[in-house]
Amino acid sequence: MDIPSGYVRQPAEQRRRQPRPDYGGGPTPLFDDTSSPGDPATFQNQQQGQGQFYGGMAGQQILSDPMANMAMQYGSSLATQGKDVMEKHIDRFISISKLKYYFAVDTTYVGKKLMLLLFPYMHSNWSIRYNKEEPVAPRYEINAPDLYIPVMAFVTYILVAGYCLGTQNSFSPELLGMQASSALVWLILEIVVITMALYIMSVATDIKTFDLLAFCGYKYVGMIGVLLGGMLFGSMGYYLALAWCSASMFFFLLRTLRLVILPDASHDMVSSGGNKGRTYLVLAIAVLQPLFMCWLTRHLIPSQN
């Protein structure tokens, strides 16, 4: 038989048909089953390769899209502008360069300051070394006010208050939020009243708003001790801890604020009536702290009938 031109005879090995599978005597299917993926590992590698290929193509399309690049650049520029505006406006009201000194603490200072707040009776030197330009870093002076301990104590107080509410089966996020808001509002109101009193009495002192915030914020350390005493030992433990922490805070503020608000008669020419008014102001600030400590913790300890 004649072979058409252009026809290439294939070798016998390539033209050899694959053996048909044995179907156990059943009817032979019309077509071979080609739905099986063959080797599972090979099929999985093929699928992963295809996924990586299409994923890479999608990422390249996103990155190569001019609108996407423009949006990313515009968002980055807005974030940078917002940061600059925020820092500019914050610097108008709060000096960041001076605020950082109130957080310049270390572990040694925190431990010593906590002991001073809870056991101030053995401390002898209460003088505070100040630089007229910038306050001294607290880690170099234990008598210097800081904001690290008040901030951490406030957060810890809220957490302990939430635990106390949980033990009374009355915990809720709204109630905990009200507790935090109430403590914060009372603190701000206290600072405002003291600042107004200093202004009305025309007290010439180097004390700053951050100093007042630190001194008034130290009471949260005592409030944590009061709540722990109430949780561990009930009402009796609460009142004993409240009495000790209140006396310690009163003594601490009395000795500290006396050197800040009360002037030395040999260095400040003021009348005795002015000194008496400043003394009353120092006593009022020191007395307010135990009252706030009791007001913000008493309802968190269940009464024992």
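User: Where does Asn169 sit?
Analyst: Asn169 is in the loop between helix 6 and helix 7. Helices here are DSSP runs (H or I, at least four residues; strands are E, at least two), numbered from the N terminus. This is a predicted model, where local features need pLDDT of at least 70, side-chain atom pairs count only at pLDDT 80 or more, and totals for chains, interfaces and linings use all residues. Residues are numbered from 1 along each chain as its sequence is written, and side-chain values use heavy atoms, with hydrogens and water left out.

User: Is Asn169 buried or exposed?
Analyst: Asn169 counts as exposed because its relative accessibility is 73%. The cut-offs are under 20% relative accessible area for buried, over 50% for exposed, and partly exposed in between (1.4 Å probe, protein chains only).

User: And what about phi of Asn169?
Analyst: That phi is near 60°, which is a positive value in a residue other than glycine.

User: OK, zooming out. How many helices and strands does the chain have?
Analyst: There are 10 helices and 0 strands. Of the 305 residues in the chain, 29% count as buried.

User: How about confidence, what's the mean pLDDT?
Analyst: The mean pLDDT of the chain is 76, and 61% of its residues reach 70 or more. pLDDT is the predictor's confidence in each residue, from 0 to 100.

User: Where is confidence lowest, and where is it highest?
Analyst: Lowest in helix 1 (residues 12-15), at a mean of 50, and highest in helix 5, at 95. Over residues 265-272, pLDDT stays under 50, and the model has 5 contacts beyond four places in sequence for them. A contact means heavy atoms within 4.5 Å. Where pLDDT is low, the predicted coordinates should not be read in detail.

User: Got it. Which residues have the most contacts inside the largest nonpolar core?
Analyst: Tyr157, Leu198, Tyr218, Tyr220, Phe252 and Leu257, in a core of 57 residues. The elements giving two or more residues to this core are helix 5 (107-118), helix 6 (148-167), helix 7 (173-200), helix 8 (209-217), helix 9 (219-261) and helix 10 (272-295). Helix 9 gives the most, with 16 residues. A nonpolar core is a set of buried Ala, Val, Leu, Ile, Met, Phe, Trp, Tyr and Cys residues joined through side-chain atoms within 4.5 Å.

User: Which residues does Tyr157 touch?
Analyst: Not counting residues up to four places away in sequence, Tyr157 touches Gln179, Ala183, Tyr220, Met223, Ile224, Leu227, Leu296, Thr297 and Leu300.

User: Gln179 is on that list. Where is Gln179 found?
Analyst: Gln179 belongs to helix 7. Gln179 is buried, because its relative accessible area is 9%. Beyond four places in sequence, Gln179 touches Tyr157, Ile158, Ala161, Leu296, His299 and Leu300.

User: And Phe154, what does that one touch?
Analyst: Leaving out residues up to four places away, Phe154 touches Ala180, Ala183, Leu184 and Tyr220. Phe154 is found in helix 6 and counts as buried at 18% relative accessibility. Phe154 and Ala180 are 26 residues apart in sequence and 8.6 Å apart in space, C-alpha to C-alpha.

User: Back to helix 9. How many residues does helix 9 have, and how far apart are its ends?
Analyst: Helix 9 has 43 residues, but its end C-alpha atoms are only 19 Å apart, short of the 63 Å that a straight helix would reach at 1.5 Å a residue. The expected span is 1.5 Å times one less than the number of residues.

User: Where does helix 9 bend?
Analyst: At Phe233, by about 150°. That bend is the angle between axes fitted to the seven residues ending there and the seven starting there.

User: Last one: Ser248, buried or exposed?
Analyst: Ser248 counts as buried, because its relative accessibility is 0%. Ser248 lies in helix 9. Setting aside neighbours within four places in sequence, Ser248 is in contact with Leu117, Leu118, Pro120 and Tyr121.
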